[in-house]
Amino acid sequence: MALGWTSSNPLVLHGRHFGRTVFALCNYPALLTAGILRLEELQDSSIENYPADVRREHRVFMDLIDSYPGLLDRLTMGEDEDVIHVGELLGKGASGARGDDTKTLKSAVLEWLVPRGQVVIPPLSRNIKSDRGFNHEVTGALLCPAGLDWSDVATKLALKSGETAVRGDQWPMFLYAGYEYDPEDPWRGLLRGEILVFGFKHVFTSPSSVDKEPKATRSGNAYLHGMKSVTKGSLAYVATQVRFALSSSSVFSRTDTVTDSENFYHSILDILEDPDESEEVVDLMMWWTRRIFPNSSSSQRDISKNSALSKIREKRAALQARANINTT
């Protein structure tokens, strides 16, 4: 199969968007190989019989197959090395996009730490990250795990020294609206922090849109890929990228036990995909779509009063009500 490695290759481009919006941290050749084998196994069994991590992996595999027309035929009719090569191209796209976003957010995040017109004291370097994380008052407060008190001297010193290790599933304060956490209502404001909104606009609707009214610019990643709503994967992705940008770590790595980025990413996806949390999640995703894509049909639920559409709906409802009366 003559497939090039150029960044304009359709599979590379698809990998960039898929990694940002559906699932960022995976080995694509392994995902495809295991997915194809599992399709054969599922002819005689149900996916519900598999462990939770395998079920998620299979959902990602099916999302990938469904999002790229002809991909399944290409994989099942080709040789094993073709499957690996397709996976490598998708992975090249996903890792390339992640690297690009990590690089640009590194400096961009510094503009969002304090209100416009104010300065960060002491100043932070745009290129060197060693003074970020718990080594700085501002980034430390944003990264402080919800439930811990950053203003407490002992807590601050323990976080700075590493004596208190922070796991990925200990969510930082910047995830919360107003950077306020209510232990009695931990869902309140979760994943609605202002810095998250800035980060999302930076990645998906172009860096220049951060301070403007929300709209997908023609150069933005959302516009280029026809994205009209915020996905759970994109929210987890941006949260992971912003968290890393605030940290003192210099190189993004899935296996980095200091930032524990992979565990953090999965913990966000876990809560967003949990059926028991669906009511809060539906409300959260609608909030995000209205913030980022206000002109999208998926963000507009209310019909304007006295509009032609509202009159049509009213007339239809009256006719159906009359019909119901006549049939009873």
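Predicted model: local features only at pLDDT ≥ 70, side-chain atom pairs only at ≥ 80, totals over all residues.
## Helix α8 against α12

Helix α8 passes α12 in a right-handed crossing. The axes of α8 and α12, the latter spanning residues 278-292, come within 11 Å of each other and cross at roughly 55 degrees.

On the α8 side, the contact is made by L196, V197, F200 and K201. Facing them on α12 are W287, W288, R291 and I292. By type, the residues of this contact divide into 6 nonpolar and 2 charged, with no polar ones.

## Helix α8 against α5

Helix α8 (residues 194-204) also meets helix α5 (residues 80-108): their axes come within 11 Å and cross at roughly 135 degrees. The two helices are therefore oblique to each other, and their crossing is right-handed.

Here α5 contributes D101, T104, L105 and A108, while α8 contributes G199, H202 and V203. The residues of the contact divide into 3 nonpolar, 3 polar and 1 charged.

The structure holds 9 aromatic pairs. One of them joins W112 and F198 in a tilted arrangement, with 5.9 Å from centre to centre and 50 degrees between the planes. This pair links distant parts of the chain, as W112 sits in the loop between α5 and α6 whereas F198 belongs to helix α8, 86 residues apart.

## Backbone details in the loops

Two loop residues deserve a look while you have the model open. In the loop between α5 and α6 you will find P122, and the peptide bond leading from I121 to P122 is cis, with omega near -10 degrees.

The other is L191, in the loop between α7 (153-161) and α8. Although L191 is not a glycine, its phi is positive, at about 60 degrees.

## Confidence along the chain

The protein chain has a mean pLDDT of 88, and 88% of its residues reach 70 or more. Confidence is highest in helix α6 (residues 137-143), at a mean of 98, and lowest in helix α9 (residues 221-224), at 53.

Please also keep an eye on residues 214-219, where the pLDDT is below 50. Beyond near neighbours in sequence, that stretch has 16 contacts in the model.

Key. Residues numbered from 1 in each chain as written. Heavy atoms only, no water. Axes fitted to C-alpha atoms, helices over the stretch in contact; angles between N-to-C directions. Helix = DSSP H or I, 4+ residues; strand = E, 2+ residues; numbered from the N terminus. Parallel < 35°, antiparallel > 145°, perpendicular 65-115°, else oblique. Left-handed = near helix turned anticlockwise from the far one by under 90°. Contact = heavy atoms within 4.5 Å. Nonpolar A, V, L, I, M, F, W, Y, C, P; charged D, E, K, R; others polar. pLDDT = per-residue confidence, 0-100. Phe/Tyr/Trp six-rings, centres within 6.5 Å; stacked < 30°, edge-to-face > 60°.
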